[in-house]
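Hi everyone, thanks for coming. Please have a look at it first.

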Amino acid sequence: MHYLVLFTLLAASALADVQPQYYSFSPAVGSGSGTSYSLTGEGRITAVRVWEAYNNYIYGFQFRYGLIWSSVVGSKSGNPLEMELFDDEAIIQISGKYAHYVQSVVFTTTRGRTLRAGQPSGHSFNMYPTHSEAELRFISGRVHGAITSIGAHWGVVHSAVNSTAEH
């Protein structure tokens, strides 16, 4: 009996320090052919790069987390487009169009700014978090020459990992 009480107290104290995460997932859209990818990093996304094929479909993505750029998913073919986020600005929506490839993508921030890439043709999609304080944490999908699918993973970034300032 004493072990049960001790275990309960230890579990309760461990859970008391855990902040809620509010994760949600927007399922992938697109044909989904090719190799899977996951574009992740530590902390808040502070910049986005997208490679488009001459106002056509999307070839590649790259995120900057804090001061560190991720690897590129897809390829650097075509024209690179970039948006650097302001302090405390976050991506809260991804929309666009898809057919076999992701034809176009629009990243929208908490300040209403957008990064638009590609040619809007095909089926529409719109992704956003289910919790009002959540933001884009990472994307996943598939790539076969160009991006064939994209899904979004949302969550709350807590203040301990928000800072992009150098220490």
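Let us start with one residue and its neighbours. Leaving out residues up to four places away in sequence, glutamate 135 touches Arg44, Ala90, Ile91, His153, Trp154, Gly155 and Val157; contact here means heavy atoms within 4.5 Å.

Before going on, a word on what you are looking at. This is a predicted model, in which local features need pLDDT of at least 70 and side-chain atom pairs count only at pLDDT 80 or more, while totals for chains, interfaces and linings use all residues. Residues are numbered from 1 along each chain as its sequence is written, and side-chain values use heavy atoms, with hydrogens and water left out.

Back to our glutamate. Is glutamate 135 buried or exposed? Glutamate 135 has a relative accessible area of 5%, so it is buried. For that term, buried means under 20% relative accessible area, exposed means over 50%, and partly exposed is in between, using a 1.4 Å probe and protein chains only. Among the contacts, tryptophan 154 sits 19 residues away along the chain, yet the two C-alpha atoms are separated by 5.3 Å. With arginine 44 there is a polar contact, side chain to side chain, at 2.6 Å. A polar contact is a pair of N or O atoms within 3.5 Å; within protein, one must be able to donate a hydrogen and the other to accept it, and residues adjacent in sequence count only if both atoms are side-chain atoms. Arginine 44 itself is in the loop between strand 2 (35–39) and strand 3, and with 10% relative accessibility it also counts as buried.

Now for the strands. Glutamate 135 belongs to strand 12, residues 135–144. Strands (E, at least two residues) and helices (H or I, at least four) are DSSP runs, numbered from the N terminus. Strand 12 is joined to strand 13 (residues 146–155) by 9 bridges, and the two run antiparallel. Two strands pair if DSSP finds at least two bridges between them. One example is arginine 142, whose bridge partner in strand 13 is serine 149.

In what order do the 4 strands of this open sheet come? The order is 1-13-12-2, with antiparallel pairing. At the edges are strand 1 (24–30) and strand 2, each pairing on one side only. As a reminder, strands of a sheet pair through backbone hydrogen bonds, either parallel or antiparallel.

Another open sheet has 4 strands in the order 10-9-8-11, again with antiparallel pairing. Its edge strands are strand 10 (114–118) and strand 11 (123–127). Inside it, strand 8 (residues 91–98) and strand 9 (residues 102–109) run antiparallel and are joined by 7 bridges. Isoleucine 94 stands opposite phenylalanine 107 of strand 9. In the loop between strand 8 and strand 9 we find histidine 100, which is partly exposed at 38% relative accessible area. Histidine 100 is 69 residues from serine 31 in sequence, but their C-alpha atoms are 5.0 Å apart.

Next, strand 3. Why call strand 3 (residues 45–52) largely enclosed by the rest of the structure? Because 7 of its 8 residues are buried. Strand 3 pairs antiparallel with strand 4 (residues 58–65) over 7 bridges, and also antiparallel with strand 7 (residues 79–84) over 6 bridges. With strand 4, strand 3 forms a hairpin with 5 residues between them, and tyrosine 54 in the turn has a positive phi of about 45 degrees.

Let me finish with the rings. The whole structure holds 6 aromatic pairs. Rings of Phe, Tyr and Trp (its six-membered ring) pair if their centres lie within 6.5 Å; planes under 30 degrees apart count as stacked, over 60 as edge-to-face, and the rest as tilted. Tyrosine 57 and tyrosine 101 have ring centres 4.6 Å apart and planes at 20 degrees, so that pair is stacked. Phenylalanine 61 and phenylalanine 107 have centres 6.0 Å apart and planes at 85 degrees, so they are edge-to-face. Phenylalanine 61 is in strand 4 and phenylalanine 107 in strand 9, so this pair ties together parts 46 residues apart in sequence. Both phenylalanine 61 and phenylalanine 107 are buried, and ring pairs link Phe61, Phe63, Tyr65 and Phe107 into a cluster.
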